[in-house]
Amino acid sequence: MDDIPTITPEMVEETKIEIAKRCAGRQGSPLKDIADAACPVCGSHTVSFVDDLVFEVVLAGERIVIPNLTGLRCSNCGDFAFDSGSSKIIDRYTRNKPSGGYECSISTVGAGKLGMYLPKDVLRVMEITKKGKAIVTPLSRRKMLVELCSE
Ligand SMILES: [Zn+2]
């Protein structure tokens, strides 16, 4: 029993470099080899690479459906995530489309902080008061959810 392989930190590093090289050189998704990974939502090992994800959204009254996107999906709970290539495709199709929301500008309010000016229509519709508090949840690098706290 003298040929049990010992994995050294150097070998781990080499493997990482190899994997990075292979991913960079491949045209497809870097997630392509993922199969039966743990699901962050339901915990079962049923997350695998898929190429039949569908992105669907309605922007400014126009329905946008993008089929055959690649990413990961859990076959147990259905949770899914688009890979970076698919995210770029989605971004390309949705970037210049207004979402039907209200436009507001973002400006500096001092001490490295940024403020977002809520349009009057939003204040009126949502009955936002001067001293209200809100919870902001980033959903992606281009989207956030703002929830008003009820006092
Ligand atoms: Zn799951």
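Two strands count as paired if DSSP finds at least two bridges between them; strands themselves are DSSP runs (E, at least two residues), as helices are (H or I, at least four), numbered from the N terminus. In this predicted model, local features need pLDDT of at least 70 and side-chain atom pairs count only at pLDDT 80 or more, while totals for chains, interfaces and linings use all residues. Residues are numbered from 1 along each chain as its sequence is written, and side-chain values use heavy atoms, leaving out hydrogens and water.

Strands S6 (residues 134–140) and S7 (residues 143–148) run antiparallel and are joined by six bridges. Two residues separate the strands of this hairpin, and serine 140 stands opposite lysine 143 in S7.

Confidence comes next. The mean pLDDT (the predictor's confidence in each residue, from 0 to 100) is 80 for the protein, with 82% of residues at 70 or more. Helix H1 (residues 9–25) has the lowest confidence, a mean of 62, and strand S3 (residues 80–82) the highest, 91.

Now to the aromatic rings. Rings of Phe, Tyr and Trp (its six-membered ring) pair if their centres lie within 6.5 Å; planes under 30 degrees apart are stacked, over 60 edge-to-face and the rest tilted. Two aromatic pairs were found in the whole structure.
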